[in-house]
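Please walk through this protein with the sequence and the model side by side.

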Amino acid sequence: QLAREKQLAETQREAAEKARRDIALLSEIGRRITAIRDPEAICQTLYEHARELVPADVFGVGRVDWQERLLHYDFVRQQGRPVRPYVRSLDIPDQPSVQCVLEARELVLTHITQDHRVLDEVARRRAGTDRLQLLDQGEPIVAGSGLYVPMLLKDQVIGVIGVVSEREAAFGPAELDILRTLGAYAAVAYD
């Protein structure tokens, strides 16, 4: 009994210490991101820091173009490898990232059944292919779970940050809090 209580106390201490480190790191990330003005550098900085905090196989930042009704994914990384830029049509709301934008709400998907690698008809016409592609011609992973947060600026969605894992139920409340904070920092930096 005493050994179990000691182990529980140690586990709780470690969790509290990790939470303190994460908060300090998020504060530093916010300071760095909001000082950057180049969109590519903002995305790269978000990615470098997010992968320290969120166990994801894919990280992407999509920027909304409300006039064209498109979500532009110019920065996506799969396990460090760049994905060819692509778009999602805001008029075809079957993708989680588009739902996140249109509904201006976070999405936590514990079990993804839809193949996110398939492009919608608008994206297919623009890309000349029907599937996502890595720049090195590698195959995109099959998503097991995902997390999407809108980037909001003055109550307007300007983009989305999404992470995907091959594992089901890979993301929980802690990862959502981290991505939500990064989304807020990114929105300020883009402004």
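**A guided walk through the fold**

Asp-155 counts as exposed because its relative accessibility is 79%. Exposed here means over 50% relative accessible area, buried means under 20%, and partly exposed lies in between (1.4 Å probe, protein chains only). This is a predicted model, in which local features need pLDDT of at least 70 and side-chain atom pairs count only at pLDDT 80 or more, while totals for chains, interfaces and linings use all residues. Residues are numbered from 1 along each chain as its sequence is written, and side-chain values use heavy atoms, with hydrogens and water left out.

Stay with Asp-155. It sits in the loop between β6 and β7. Helices (H or I, at least four residues) and strands (E, at least two) are DSSP runs, numbered from the N terminus. The phi of Asp-155 is positive, near 65°, and the residue is not a glycine. Lys-154 also belongs to this hairpin, which has 2 residues between the strands, and takes a positive phi near 55°.

Now follow the strands themselves. β6 and β7 run antiparallel and are joined by 9 bridges. Two strands pair if DSSP finds at least two bridges between them. Leu-152 stands opposite Val-157 in β7. β7 also runs antiparallel to β1, with 6 bridges joining the two. There, Gly-62 stands opposite Val-160 in β7. Is β7 mostly covered or mostly open? It is mostly covered, with 9 of its 10 residues buried. In a regular strand, side chains alternate between the two faces of the sheet.

Ser-145 counts as buried because its relative accessibility is 0%. Its side chain reaches the backbone nitrogen of Ala-170 at 3.2 Å. That is a polar contact: a pair of N or O atoms within 3.5 Å, where within protein one must be able to donate a hydrogen and the other to accept it, and residues adjacent in sequence count only if both atoms are side-chain atoms. Leaving aside residues up to four places away in sequence, Ser-145 touches residues including Leu-109, Val-163, Arg-167 and Phe-171. Contact means heavy atoms within 4.5 Å.

Turn to helix α3 (residues 96-103). Its buried residues are Pro-96, Ser-97, Val-98, Cys-100 and Val-101. Among the elements that cover them are β1, β2, β6 and β7. Just after α3 comes Ala-104, in the loop between α3 and β5. Ala-104 has a positive phi of about 50° although it is not a glycine. With 39% relative accessibility, Ala-104 counts as partly exposed.

Which residues touch the most other members of the largest nonpolar core? Of its 31 residues, they are Leu-46, Phe-59, Val-61, Met-151, Ile-161, Leu-182 and Tyr-190. The elements that give two or more residues to this core are α1, α2, β1, β6, β7 and α5. The largest share, 8 residues, comes from α5. A nonpolar core is a set of buried Ala, Val, Leu, Ile, Met, Phe, Trp, Tyr and Cys residues joined through side-chain atoms within 4.5 Å. Tyr-190 touches Pro-39, Ile-42, Cys-43, Val-61, Arg-63, Met-151 and Ile-158, not counting residues up to four places away in sequence. A second, separate core of 26 residues includes Val-64, Leu-70, Val-98 and Val-157.

Finish with the charged pairs. The whole structure holds 12 salt bridges. A salt bridge is a side-chain nitrogen of Lys or Arg within 4 Å of a carboxyl oxygen of Asp or Glu. One of them pairs Arg-77 with Glu-40, the closest N and O atoms being 3.9 Å apart. Arg-77 lies in strand β2 and Glu-40 in helix α2, so the pair ties together parts that are 37 residues apart in sequence. Arg-77 is buried, at 14% relative accessible area. Glu-40 is partly exposed, at 41%.

Glu-139 has two arginine partners to look at. Arg-117 meets Glu-139 in a salt bridge at 3.4 Å, N to O. Arg-131 also forms a salt bridge with Glu-139, with the closest N and O atoms 2.7 Å apart. Arg-117 counts as buried at 12% relative accessibility, whereas Arg-131 is partly exposed at 25%. Salt bridges that share partners join Asp-115, Arg-117, Arg-131 and Glu-139 into one network.
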